[in-house]
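Here are my notes on the model, as numbered points. Have the coordinates open while you go through them.

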Amino acid sequence: MNVLIVEDEKSLANEIAAFLRSENFLCDLSYTGMDASEKIAINLYDFVLLDLGLPDYNGIDLINEARKAGSEASFIIITARGAVEDKVKGLDIGADDYLAKPFALIELLSRINAVARRKFRITVQEVPLGDFIMQTESRKLFCKGNEVELTKKEYDLLWYLVLNRNKVLTRHQLYEHIWGNILDDQYDSNFIDVHIKNLRKKLNAHSATPWLETVRGVGYRVSTD
Amino acid sequence: MIKLKIKLAFFNLLSKLVFTALFLIFLPYIIERINLRQVDNDLVQKREQVIDLIAGAGIDPFISADSSDVFGSFNILKEEFISLERIETDEDINHIEVAVRLIEDEEITYRVLNYSFLVDGQKYLLEVGKSLASIQYARRNITRVILIFLVLIILITLLTDLQYTHLLLRPLDRISRKLKGISRPELFDRTEVRTTTTDFHNLDNAIRELMENIDQLFRKEKEITVNISHELLTPVSVLRSKLENLLLSGNADAEMPEKIEESLKTLHRLQSLVNSLLMIARIESHQYLREDNFSVQDVLKEIIEEIRPIADDKEILMTEEYLRDFQFMQANRALIFSMIYNVVNNAVKNTPAGGAVVIRSYFHQQKFNVTISDNGRGMTREQVVNLFSRFKSRVNPGEDGTGIGLAISKTIADFHGISVSVTSEPEKGTTFFFIFPENS
């Protein structure tokens with residue numbers, strides 16, 4: 001998929017690009033609004049990651065221009081202005097999602113994937129995990145036909161690990177995804193550990209979970225083949 | 001506390017009453033003096049008339065020269081009398097006195113004028129009397145009239161005084177009303193108070209100027225906080241992406257990921273610190289909407305659901321006691337959630353294994369209360385004082401949080417007009433009280 005990264009902070013743009021390229025995206029970079037405006041007019045993008053705080057251009061104008069020109073790109077807004085009002089505004093003006101700086105790269109990837117799934121109506125019905133099967137529509141987990149009762153948080157945690165399978169997720173990344181920014185200050189690495197512990201206990205009662213790994217000193221990972 | 005207006009009116013009334021009382025004490029005496037003088041004048045006039053009569057007609061019509069008669073005349077009600085008699089004395093008599101006279105077997109007190117004069121070598125004594133009963137009657141009448149008049153005057157002046165001071169103090173009233181309930185300088189109504197009183201004008205100007213200055217300072221401070229936060233978040237963002245990419249690249253060195261994660265952790269602390277400061281600045285500058293109407297009990301249940309796994313893991317007993325629910329109107333649900341969550345989370349953190357945390361909600365004096373109590377390590381008085389300040393409240397260094405959570409809770413509470421208080425005792429535990437305002 002083609003992604004245009006519009007971000008005036010060059011080193012941040014480059015890091016995002018490096019990450020997305022490693023995830024097999026094709027990335028273009030614009031450090032200015034003018035440049036982005038031209039690139040959107042000429043090329044077809046699936047995604048535009050747009051920093052609202054561009055020095056030379058109002059990011060919202062850029063979206064309007066693109067929509068008028070018939071572009072079907074999905075816009076994901078990146079901003080250091082994390083205020084609620086901005087969030088509402090951002091979604092009102094036709095952006096597909098919104099991320100406050102600083103964000104986790106894997107969170108960005110999950111958002112892109114989520115928008116893509118919505119856009120292309122890709123629905124993954126079932127995800128196999130060893131002896132377990134995750135049913136995404138009903139948000140349920142089964143083991144050999146028996147339902148494993150999970151709390152909402154436990155399901156979300158597992159689903160996020162599964163979405164980012166084969167990657168190590170740090171506790172903070174998991175926390176941020178599940179609890180969001182509003183409780184940022186209350187972050188406690190113990191939270192995630194407790195939830196994983198409970199999750200493991202529930203899963204292990206049904207079957208072994210070698211695919212749910214603890215990476216010492218770093219975080220957790222779901223490994224699948 | 002009493003209003004200035006009332007105090008002034010009270011003083012006015014009091015001073016009037018004192019003067020009136022003094023007046024009333026001296027009034028009988030004054031009236032008597034005036035009356036007596038009036039009566040005396042009357043008597044002298046009557047004497048002159050009698051003397052004139054005698055001068056014209058001679059003494060005979062009254063007293064014949066050879067008889068030893070006494071001439072006396074009084075009116076039917078015995079209010080006045082005139083008597084003439086011969087006397088044998090060399091002294092000239094001319095005085096007025098109060099004396100009792102017996103008239104038709106009735107003793108009556110009169111004001112009596114005694115006057116002696118010579119007619120044909122014979123000395124006569126003229127007495128002209130006027131009953132004091134009539135004087136006293138007049139005095140009573142006058143006293144009553146004056147009393148009614150005084151009461152009326154007091155009432156009328158009291159009313160006009162009240163009205164006038166009210167009018168006079170209206171600018172002051174307006175100034176004090178403008179200041180009342182102003183929690184933030186930007187809420188201050190800056191329109192000038194119209195007045196012709198110089199003192200009020202100066203006062204109003206001084207206050208308005210002061211408010212303007214404070215407001216500007218506040219604004220500047222908030223602006224700086226917001227700007228600095230933005231500036232800080234960008235480099236944090238860059239660093240974070242770099243470190244995350246490094247972590248994902250799966251370096252062969254076994255120790256590398258751990259070190260990167262440690263750096264990320266430090267960076268997260270910086271990030272959450274900046275975000276917290278930013279959040280406080282935003283709440284203080286009212287960048288959050290207050291449009292939610294929700295049940296506080298639902299919020300409490302959600303919070304407990306979130307924290308229960310942690311409490312269970314630490315073997316802390318969490319109990320909830322809801323006496324009544326409260327629908328909080330025009331508030332920000334996410335912020336209220338965060339406000340209580342911070343405190344509950346803190347309580348669980350600061351309570352050792354086997355301890356207990358109790359969340360209660362109830363109404364007290366028409367106001368909705370939420371309390372969070374623990375039997376944890378508690379705090380000293382100093383710690384309680386510094387609890388809500390932004391960087392002093394760090395109880396346990398080395399934890400993941402930034403220690404700014406309670407400052408955030410306080411800011412959110414202030415934003416919603418919720419009052420927060422804490423009672424704590426070392427080694428016994430801590431209780432937080434949130435007292436919600438009544439919905440307007």
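This is a predicted model: local features need pLDDT of at least 70, side-chain atom pairs count only at pLDDT 80 or more; totals for chains, interfaces and linings use all residues.

1. The sheet in chain B. Five strands make an open sheet in the order β7-β9-β10-β12-β11 (chain B), and the pairing is mixed. A pair here needs at least two DSSP bridges between the strands; helices (H or I, at least four residues) and strands (E, at least two) are DSSP runs, numbered from the N terminus. The edges belong to β7 (317-322) and β11 (419-425) of chain B, each with a single partner strand, so one side of each has no neighbour in the sheet. On average, neighbouring strands are turned by 15° against each other, direction ignored.

2. α6(B) packs on it and touches β9, β10 and β12 (429-435) of chain B, with a direction about 25° from that of β10(B). Contact means that the C-beta atoms of two residues, placed from the backbone, lie within 7 Å. Directions come from lines fitted to C-alpha atoms, for helices over the stretch in contact, with angles from 0 to 180 degrees between N-to-C directions.

3. Residues are numbered from 1 along each chain as its sequence is written, and chains are lettered from A and ligands numbered from 1 in the order in which they are written. Chain B averages a pLDDT of 85, and 95% of its residues score at least 70; pLDDT is the predictor's confidence in each residue, from 0 to 100. For the complex, the predictor gives an ipTM of 0.83 and a pTM of 0.66.

4. Q330(B) is not a glycine, yet its phi is positive, about 50°. That residue belongs to strand β8 (residues 327-331) of chain B, and Q330(B) counts as exposed because it has 12 C-beta neighbours inside 10 Å. The scale is: buried with 20 or more other C-beta atoms within 10 Å of a residue's own, exposed with 12 or fewer, partly exposed in between, C-beta atoms being placed from the backbone. Q366(B), also not a glycine, has a positive phi of about 70°. Look for Q366(B) in the loop between β9 (356-364) and β10 (367-374) of chain B; Q366(B) is exposed too, with 6 other C-beta atoms within 10 Å.

5. Where do the chains meet? The contact takes 41 residues from chain B and 36 residues from chain A. On the chain B side, two or more residues each come from α3 (198-248), α4 (256-284), α5 (296-313), α6 (333-349) and α8 (405-416) of chain B. α3(B) gives the most, 13 residues. Sorted by class, the chain B side has 15 nonpolar, 17 polar and 9 charged residues. For the classes, Ala, Val, Leu, Ile, Met, Phe, Trp, Tyr, Cys and Pro are nonpolar, Asp, Glu, Lys and Arg are charged, and the others, Gly among them, are polar.

6. Chain A and its helix α7. Chain A has 8 helices and 12 strands, and 40% of its 225 residues count as buried. In helix α7 (residues 171-179) of chain A, 7 of the 9 residues are buried, among them R171(A), L174(A) and Y175(A). The buried residues of α7(A) pack against α5 (105-119), α6 (152-163), β10 (169-170), α8 (189-204) and β12 (219-222) of chain A, together with α4 of chain B. G180(A) follows α7(A) and has a positive phi, near 75°.

7. The α7/α8 crossing. The axes of α7(A) and α8(A) come within 9 Å and cross at roughly 85°, so the two helices are roughly perpendicular (65 to 115 degrees). R171(A), L174(A) and Y175(A) of α7(A) make the contact with S189(A), F191(A) and I192(A) of α8(A).

8. One peptide bond to check. K101(A) and P102(A) are joined by a cis peptide bond, with omega about -5°. P102(A) is in the loop between β5 (97-100) and α5 of chain A.

Terms used
Angles under 35 degrees count as roughly parallel, over 145 as roughly antiparallel, 65 to 115 as roughly perpendicular and the rest as oblique.
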